[in-house]
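I wrote down what I looked up and the cut-offs behind each term.

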Amino acid sequence: MRINKFLAEYGVASRRRADEMIQAGRVKINGITAQLGADVQDDDVITIDDKQLVRQEKKLYYYMMNKPKGVVCTVSDDRGRKTVVDYLPQTGARIFPVGRLDYATEGLLILTNDGELAYRLMNPTSEIPKTYLARIEGTLTEKDLNPIRSGVELDGYLTKKCKAHIVETNKAYTKVHITITEGKNRQVRRMFESIGRNVEFLKRIKIGQLNVGGLDRGEVRELTQEEVFYLQNL
Ligand code: URA
């Protein structure tokens with residue numbers, strides 16, 4: 001975050017007044033006199049007239065996003081590809097995705113700088129149900145889904161029991177709603193591969209009861225207080 005915005009958000013002065021203070025050399029970042037337009041990170045020490053600014057509690061941000069396919073689920077990408085964080089408003093906070101959706105998968109993603117909540121949601125013992133819409137190539141019957149429901153082996157790991165049902169089927173494809181309570185790498189795709197089927201489209205539509213309906217591809221919104229409370233108590 002820009003230093004003048006930071007000082008304004010901390011109630012020190014308006015942005016314009018903050019700029020005057022910076023120009024007068026009264027503001028330091030980590031002991032070095034701040035320049036106009038300098039950036040401030042979360043852990044920088046800011047002083048005004050050599051008095052340390054006591055930071056307020058860290059502001060916590062909670063977003064949900066409808067991740068498009070072709071976007072990586074990391075904070076930065078060494079191959080320069082677009083990441084989910086590129087879709088967020090600029091806050092200066094270190095906001096990261098809670099868990100992963102693979103490159104080709106779209107749908108509901110939670111992003112936050114609340115490490116405690118992220119840890120709880122990502123912890124396998126939480127067993128939070130996540131629902132996906134999977135479009136599978138060709139025709140499937142309910143019976144074909146039985147192995148997936150009871151558990152299939154993925155590289156020596158037996159997947160937990162899960163819910164799955166067909167929502168539409170025809171000669172070309174079958175749409176399935178599948179709800180799993182774990183999150184191994186590319187799990188849904190690999191579960192279908194294990195029964196010889198190819199997932200041609202995958203979208204996460206729900207995490208618990210939170211659903212992505214109403215958000216266009218690439219759209220982001222802040223979670224409501226009720227939604228944050230819901231996730232904290234999942
Ligand atoms: N299962 C997958 O195959 N991919 C995801 O991104 C999430 C679940």
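I listed the residues around the ligand and found Leu-101, Asp-102, Thr-105, Tyr-132, Arg-186, Gln-187, Val-188, Arg-189 and Leu-202, where a residue is near a molecule if one of its heavy atoms lies within 4 Å of it. I note that this is a predicted model, in which local features need pLDDT of at least 70 and side-chain atom pairs count only at pLDDT 80 or more, while totals for chains, interfaces and linings use all residues. Residues are numbered from 1 along each chain as its sequence is written, and side-chain values use heavy atoms, with hydrogens and water left out.

A backbone N or O atom of Gln-187 lies 3.5 Å from a ligand nitrogen, and a polar backbone atom of Val-188 is 3.1 Å from a nitrogen atom of the ligand. For Arg-189, a backbone N or O atom lies 3.0 Å from an oxygen atom of the ligand.

Which residues touch the most other members of the largest nonpolar core? Of its 30 residues, these are Leu-111, Val-176, Ile-178, Val-188, Met-191 and Phe-192, a core being a set of buried Ala, Val, Leu, Ile, Met, Phe, Trp, Tyr and Cys residues joined through side-chain atoms within 4.5 Å. Buried means under 20% relative accessible area, exposed over 50%, and partly exposed in between (1.4 Å probe, protein chains only). Among the elements that each supply at least two residues of this core are strand 7 (106–112), strand 12 (173–180) and helix 5 (187–194); helices (H or I, at least four residues) and strands (E, at least two) are DSSP runs numbered from the N terminus.

Ile-180 has its place in strand 12 and is buried at 2% relative accessibility. Leaving out residues up to four places away in sequence, Ile-180 touches residues including Tyr-132, Gln-187, Val-188 and Met-191, contact meaning heavy atoms within 4.5 Å.

I applied the pairing rule for rings of Phe, Tyr and Trp (its six-membered ring), with centres within 6.5 Å and planes under 30 degrees apart counted as stacked, over 60 as edge-to-face and the rest as tilted. The count comes to one aromatic pair. Tyr-61 and Tyr-63 form this stacked pair, at 6.3 Å centre to centre and 5 degrees between the planes. Tyr-61 is buried at 10% relative accessible area, and Tyr-63 is buried at 3%.

I also looked for charges over rings (NZ of Lys or CZ of Arg within 6 Å of the ring centre and within 35 degrees of the ring normal). Lys-82 lies over the face of Tyr-87 at 4.9 Å from the ring centre, and Lys-184 lies over the face of Tyr-157 at 4.5 Å.

Terms used. Polar contact = N/O pair within 3.5 Å; in protein donor to acceptor, adjacent residues only side chain to side chain.
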